Amino acid sequence: MNYCDIVIIGGGPAGLAAAVAARKAGAERILILERDRELGGILNQCIHNGFGLHTFKEELTGPEYAERFIRQVQELEIPYKLNTMVLDITPERVVHAMNREDGLFSVQAGAVILAMGCRERPRGALNIPGYRPAGIYSAGTAQRLVNIDGYMPGREVVILGSGDIGLIMARRMTLEGAKVKVVAELMPYSGGLKRNIVQCLDDFGIPLKLSHTVVDIEGRERVEAVTIAEVDEHRQVIPGTEERYTCDTLLLSVGLIPENELSRSAGVEMSPVTSGPLVNESLETNIPGIFACGNVLHVHDLVDYVSEEASLAGACAARYVRDGKDRADSAGTQPRVKICAEGGVRYTVPAEVDPSRMDDLLKVRFRVGNVYQGAYVSVYLNDRRILHAKKKIMSPGEMEQVILQKKKLLEIPGLKTITIKTEQE
């Protein structure tokens with residue numbers, strides 16, 4: 001069986017950034033396993049701009065952003081295998097995979113980095129009444145058809161869901177000559193970035209109907225019309241609010257799910273909120289030596305944040321391979337501190353920390369569960385409040401973050417919990 005210091009599952013933005021950071025941190029034998037035919041992941045079909053403002057201080061398209069990291073991987077001579085399907089990861093960090101060239105093979109890894117990304121929520125989970133005609137696509141599938149394969153899914157479009165991919169496809173379909181009649185969103189707020197609502201809907205006069213959902217699809221062979229209706233605070237349809245739109249295409253942008261079948265098979269503990277792994281300050285899961293980053297951990301709004309997070313995972317994985325035995329010997333000398341999400345905060349990444357092992361500053365990312373205007377983000381160490389910062393607006397579509405200082409955490413004797421919550425005053 002071959003041995004690698006670090007095996008990275010996924011060659012998208014997270015996997016690429018993790019590989020580069022791991023090599024720069026001193027890891028020698030690194031292997032990237034990617035199931036697609038090229039590196040870059042979902043960025044290859046995201047031909048719009050808006051990427052890289054944080055990472056490269058300039059505006060890039062998705063393929064340009066990916067190319068920057070692909071070039072670094074090649075310059076650092078980090079090997080990768082394409083068209084390779086990972087079948088299983090054991091708790092002992094043995095990775096089983098297969099491809100046409102190597103057949104079925106196994107690699108013993110010093111550390112594994114999970115960077116498989118996420119997938120779109122399937123239509124079957126929506127329980128939309130009606131037939132199952134042609135013309136119904138997930139927004140990501142439609143994006144690939146238009147931007148990579150050169151096919152137009154349709155000419156008259158209704159979009160269900162206001163996630164970022166749905167908003168971007170509303171603009172993309174319009175630019176290609178289609179008529180986007182409406183974007184319906186089940187929640188009373190949009191799930192996408194504010195800038196995408198403005199640039200993709202408002203600038204093109206496309207209506208966004210909040211608290212609306214699809215209640216009927218007409219057509220046997222092909223979509224002929226879609227009926228949407230308003231819902232109440234319990235997400236129940238309000239009779240008499242139905243509106244019918246003739247169309248030949250329905251695009252679904254109803255959420256993303258981290259791709260974690262491999263994580264579960266390895267015994268990784270999962271968050272019921274994010275459907276991603278629970279990790280510590282090093283982005284390490286409950287299985288020693290298995291790390292997670294990017295959209296497999298929690299769905300991000302900006303790829304720049306994916307790269308930043310993945311770089312941390314890569315550096316920590318390299319440190320684990322180098323100092324793994326020392327870390328194991330020192331385990332348990334400092335109690336782990338749970339980070340609690342309360343008062344409108346849905347989850348935090350990481351979910352727990354060991355103050356003695358964290359860097360001087362630790363970035364904790366989280367999302368809120370509703371729209372808050374003029375509210376405060378507060379951080380408590382046990383019962384002592386150390387942060388009370390007012391936010392103009394917070395919404396579920398945009399990630400928030402707070403910075404924890406190692407020095408402050410170590411100053412609290414018997415620290416058991418760190419609580420992050422929203423407060424009105």
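Hi everyone, let me start in a sheet: strand β21, residues 361-368, pairs with β26 in the antiparallel sense over 6 bridges. Two strands count as paired here if DSSP finds at least two bridges between them. Helices (H or I, at least four residues) and strands (E, at least two) are DSSP runs, numbered from the N terminus. Within that pair, Arg365 has Gln401 of β26 as its bridge partner.

A word on the source. This is a predicted model, in which local features need pLDDT of at least 70 and side-chain atom pairs count only at pLDDT 80 or more, while totals for chains, interfaces and linings use all residues. Residues are numbered from 1 along each chain as its sequence is written, and side-chain values use heavy atoms, with hydrogens and water left out.

On confidence, pLDDT is the predictor's confidence in each residue, from 0 to 100. The chain has a mean of 93, and 97% of its residues reach 70 or more. Please keep an eye on residues 325-332, where pLDDT stays under 50. For that stretch the model has 6 contacts beyond four places in sequence, a contact being heavy atoms within 4.5 Å.

Back to our sheet. What is the order of its strands? The open sheet of 3 strands runs β19-β21-β26, with antiparallel pairing. Its edge strands are β19 (345-349) and β26 (400-405), and each of them pairs on one side only. From one strand to the next, the twist averages 30 degrees. Axes for such angles are lines fitted to C-alpha atoms, for helices over the stretch in contact, and the angles run from 0 to 180 degrees between N-to-C directions.

There is another open sheet of 3 strands, in the order β12-β13-β14, again with antiparallel pairing. Here β12 (212-218) and β14 (243-246) stand at the edges with a single partner strand each, so one side of each has no neighbour in the sheet. The twist in this sheet averages 25 degrees from one strand to the next. Strand β13, residues 225-230, is joined to β14 by 4 bridges, and the two run antiparallel.

Strand β27 gives us both senses. It pairs with β18 (residues 337-342) in the parallel sense over 5 bridges, and with β23 (residues 376-381) in the antiparallel sense over 6 bridges. Glu342 stands opposite Lys421 in β27, and Tyr380 has Thr419 of β27 as its bridge partner. Why is β27 largely enclosed by the rest of the structure? Because 5 of its 7 residues (417-423) are buried. Buried means under 20% relative accessible area, exposed means over 50%, and partly exposed lies in between (1.4 Å probe, protein chains only).

Now to the helices. Helix α1, residues 13-24, has 12 residues and reaches 17 Å from its first C-alpha to its last, close to the 16 Å expected at 1.5 Å a residue. That expected span is 1.5 Å times one less than the number of residues. Since 11 of the 12 residues of α1 are buried, this helix is largely enclosed by the rest of the structure. After α1 comes Gly26, with a positive phi near 110 degrees.

Helix α4, residues 164-175, also has 12 residues and a reach of 17 Å. It is mostly covered, with 9 of its 12 residues buried, including Asp164, Arg171 and Arg172. What covers those buried residues? The cover includes α3 (139-149), β9 (156-160), β10 (179-185), α5 (194-201) and β15 (249-252). Just after α4, Gly177 takes a positive phi of about 105 degrees.

Let me close with two single residues. Val182 lies in strand β10 and counts as buried, at 0% relative accessibility. Its C-alpha is separated by 6.2 Å from that of Leu208, 26 residues apart along the chain. Leaving aside neighbours within four places in sequence, Val182 is in contact with residues including Val157, Ile159, Ile228 and Tyr245.

Thr274 sits in the loop between α6 (261-265) and β17 (290-292). Is Thr274 buried or exposed? At 12% relative accessibility, it counts as buried. The side chain of Thr274 reaches the backbone nitrogen of Gly276 at 3.0 Å. Beyond four places in sequence, Thr274 is in contact with Pro258, Leu297, His298 and Tyr347.

Notes
A polar contact is a pair of N or O atoms within 3.5 Å; within protein, one must be able to donate a hydrogen and the other to accept it, and residues adjacent in sequence count only if both atoms are side-chain atoms.
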